[in-house]
Amino acid sequence: MRWDEQKVAGGPEELPGMPALKGLVRSVRTPEFAGITFHEVRARSVLNRVPGASPMPFSWTVNPYRGCSHACTYCLGPDTPVLMVDGTSVRLADVRVGDLVVGTEFRGDTRSLVPTPVHAVWSTTKPAWRVRLVDGTTLVASAEHRFLTPRGWVHVRPEGCAGTERPHLRRGDALIGAESLADEAFRRPGSPPVAPAPPDDVPGGRVVVTIEEVPGEHALVDLTTGTGDFVADGVISHNCFARNTHTYLDLDAGDDFDRQVVVKLNAPEVLAREVRSPRWGREHVAMGTNTDPYQRAEGRYALMPGIIRALGGSGTPFSILTKGTLLARDLPELTAAARDVPVGVGVSLALLDPELHRRVEPGTPTPRARLDLVRRIRDAGLPCGVFVAPVLPGLTDTDEALDALLGEIAYAGASGASVLALHLRPGTREWFHTWLAREHPELLERYAALYRRGAYVDAAYRRDLAARVRPLIERHGLTGGGHAMGGRQGSSPEGRDDEGRDDEGRETERSWPAGAVPEVPAPVVHTPPEQLSLL
């Protein structure tokens, strides 16, 4: 269907629940981005000044999008029965926040049924798929929804972000049911193997017979629970996570960041006007430090080429930080701009393990795709620094894992690399702890200790990580020369440690790798003639 035919609303008067959303042109939903609403606005300004107290190595940012369409959503038909802790079943659409349902958690090496509270309930309208099981059970779910199988969590359909294929259901797959866990038939991956039961012997006959698309769009519902899952029509079902963002727009503090994306349609034109102003000082402008400018929606809206031309044509140095491989589309624009102004490019890459990537960052391009992006950026003659971030204590922080990742980054030709430990800010903290409780409950106590002071990891861990990483970065030739930029004008080095952090553990400009920030010459200070006699 044509994008223009999917209009939901035509003006701010049609969205009374979002008074903070100014300049609305229309709101759009389309099957191409199922479950996401794009609120297209005309912005008055797109240059945003960074607060003076910020340790970031830039004073200005541009964000053509608010919210991010990288994320996936998970949901089921509203009539799906959900198992409650009292043994009864309730329609998914009738479950309420605060209800106690049945979820799962690992106890030792065995996944067990446990009570879990419902933290959020939400609904959407999107394409759906019908999964029929040999015992007659029929499950209606979105393509992104995940069910538990003996080979782990799998999606209903294979199509993932940027065309990548993800683990998905196939005919003959066995779904893990509540009765399987009651018999302790499912064990933690990596534990001593248990002989798998033949499909015909799976309790309840929960074997997939067919997977077929249901014509049209359908109302679907999902939960957020304390364990990250629940029992849906007898089988273990993954759920969606709520994150605390978007509140500046009076949007929901849960999944709206993923599903309510604000698009500044006129960002290139407004930016071009702002940087032509005689008052504009042509300071470094950073993009991608809030939301990714190369999220999937950029493939539709194509705002970045005009933004790049506006900055380059005005003599404004700029940098881009992204996880999105769509940046490769704009390499000709970036190389043209780099002939006129300093340009920095940063790519974020946390790990190599494809399975862990699917569990932690399910909506982003694969590690291999991002390494290829680094290679293409460098082949185009542009600098590219890689942020090895976030490092997950106990999961991705071994010397072996970091050495292997830095080796691949060096082989791809990166200008430099910085290794940064996980931050657990409000919103992210709740999401991550839920994920950790489900996937790695044995690490909960350690994380509680490491992050006892707030969002930033314990100083002792930070120093140990830096000490282990420093020789690896040097050995792989990733030190470059861009770690110490000299900071923003007026900044002071006081209170910073040798790893580029201030006293609270926040990154300063020295944490940014070579290539990720533009090499801007120091400003020339002109002494007024009346002061020359004092020198």
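Q: Which residue in E20 does Phe318 stand opposite?
A: Strands of a sheet pair through backbone hydrogen bonds, either parallel or antiparallel. In this predicted model, Phe318 faces Val343 of E20. The strands concerned are E19 (residues 318-322) and E20 (residues 343-348), which run parallel and are joined by 5 bridges.

Q: In what order do the strands of the open sheet lie?
A: The open sheet has 7 strands, and its order is E4-E5-E18-E19-E20-E21-E22, with mixed pairing. At its edges are strand E4 (47-49) and strand E22 (416-421), each of which pairs on one side only. On average, neighbouring strands of this sheet are turned by 25 degrees against each other, direction ignored.

Q: Which strands does helix H8 lie across, and at what angle does H8 run to E20?
A: Helix H8 (residues 367-379) lies across E20 and strand E21 (385-391), and its direction is at about 165 degrees to that of E20. Helix H9 (residues 399-411) lies across E21 and E22, running at about 160 degrees to E21.

Q: Why is helix H3 described as largely enclosed by the rest of the structure?
A: A residue counts as buried when its relative accessible area is under 20%. Helix H3 (residues 267-275) is largely enclosed because 7 of its 9 residues are buried. The buried residues are Ala267, Pro268, Val270, Leu271, Ala272, Glu274 and Val275.

Q: What covers the buried residues of H3?
A: The covering elements include E4, strand E5 (60-62), strand E17 (260-264) and helix H5 (304-313). Of these, E4 and E5 also belong to the open sheet.

Note on methods:
Residues are numbered from 1 along each chain as its sequence is written. This is a predicted model: local features need pLDDT of at least 70, side-chain atom pairs count only at pLDDT 80 or more; totals for chains, interfaces and linings use all residues. Side-chain values use heavy atoms; hydrogens and water are left out. Two strands pair if DSSP finds at least two bridges between them. Helices (H or I, at least four residues) and strands (E, at least two) are DSSP runs, numbered from the N terminus. Axes are lines fitted to C-alpha atoms, for helices over the stretch in contact, and angles run from 0 to 180 degrees between N-to-C directions. Contact means heavy atoms within 4.5 Å. Buried means under 20% relative accessible area, exposed over 50%, partly exposed in between (1.4 Å probe, protein chains only).
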